[in-house]
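Hi,

Here is the structure I promised to pass on to you.

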Amino acid sequence: MPTTSAEIRPFSGPSVCLFCGSSETADPKYTEAARAFGKGVAEKGWRLVYGGGGVGLMGASARGAHAAGGRVLGVMPEFLRSRERLFDEVETLVVGSMHERKQIMYDESDAFVVAPGGIGTLEEVIELLSWKRLDLHGKPVIFLDIDGFWQTLFRLMEHTVEAGMTPASFLEAWTVCRTVDEALEALNSMDTPSDLKHDHR
């Protein structure tokens, strides 16, 4: 059953936020990677924080973590409940807006992984990187770049540097991993959660 923000069960271990697509027509290799990532997060004793949906890569990641006995926190805006089909087998917080969703996902997470996704995933990660560019947080951001999915975005980022719009140092704001195992290993080497949590407000 959905909970309120005051009812989120405390979790003392690391929490990893996964941004990813909810499309049911995505290439199956992306969906399988999301499932494997959720499973891997659970097996390492970490909590998966995700968008709350039961469809596409989102649903696959949550099911993978849940089936492996892991803790999962979904955050779903009320207006998307029918479209993204709430996955209520895990702890899920229903909120009023997209802004609130992103804020809670940020606050509840120690690191972020960006799997293949569409415009919604882009919107989430661009804001997260913008906060990092402004030194509002120092949490790790990892792109799961399966088959070069995110290479076009990286080229755009490089273009902004070449055009003098962004400092070259910004290109070090994220890590690129090409497989689920690489992403899990990168997360495994991160600092303790207390070192990673910064209030950006």
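**What I found**

Let me start with Met-98, which sits in helix H3 (residues 98–107). Helices here are DSSP runs of H or I with at least four residues, strands are E runs of at least two, and both are numbered from the N terminus. Please keep in mind that this is a predicted model, where local features need pLDDT of at least 70, side-chain atom pairs count only at pLDDT 80 or more, and totals for chains, interfaces and linings use all residues. Residues are numbered from 1 along each chain as its sequence is written, and side-chain values use heavy atoms, leaving out hydrogens and water.

Met-98 has a relative accessible area of 30%, so it counts as partly exposed (buried is under 20%, exposed over 50%, partly exposed in between, with a 1.4 Å probe and protein chains only). Leaving aside neighbours within four places in sequence, Met-98 is in contact (heavy atoms within 4.5 Å) with Pro-77, Phe-79 and Leu-80. Its C-alpha lies 8.2 Å from that of Met-76, 22 residues apart in sequence.

Stepping back, the chain has seven helices and eight strands, and 51% of its 201 residues count as buried. Of the contacts between residues at least 6 apart in sequence, 72% join residues at least 24 apart.

Now for the interior. A nonpolar core is a set of buried Ala, Val, Leu, Ile, Met, Phe, Trp, Tyr and Cys residues joined through side-chain atoms within 4.5 Å. The largest one has 32 residues, of which Phe-37, Leu-48, Tyr-50, Val-113 and Leu-187 touch the most other members. Several elements supply at least two residues each, including strand E2 (15–19) and helix H2 (56–67). Helix H1 gives the most to this core, with six residues. Apart from it lies another core, of 26 residues, among them Phe-19, Ile-104, Phe-154 and Ala-173.

Which residues of H5 are buried? They are Leu-153, Phe-154, Met-157 and Val-161. Seen down the axis of H5, these buried residues fall within an arc of 100 degrees (taken from the directions from the helix axis to the C-beta atoms), so they line one face of the helix. They pack against helix H4 (119–133), strand E7 (141–144) and strand E8 (175–177). On the face turned away from the buried side, H5 carries the exposed residues Thr-152 and Glu-162. Just after H5, Gly-164 takes a positive phi of about 80 degrees.

Best wishes
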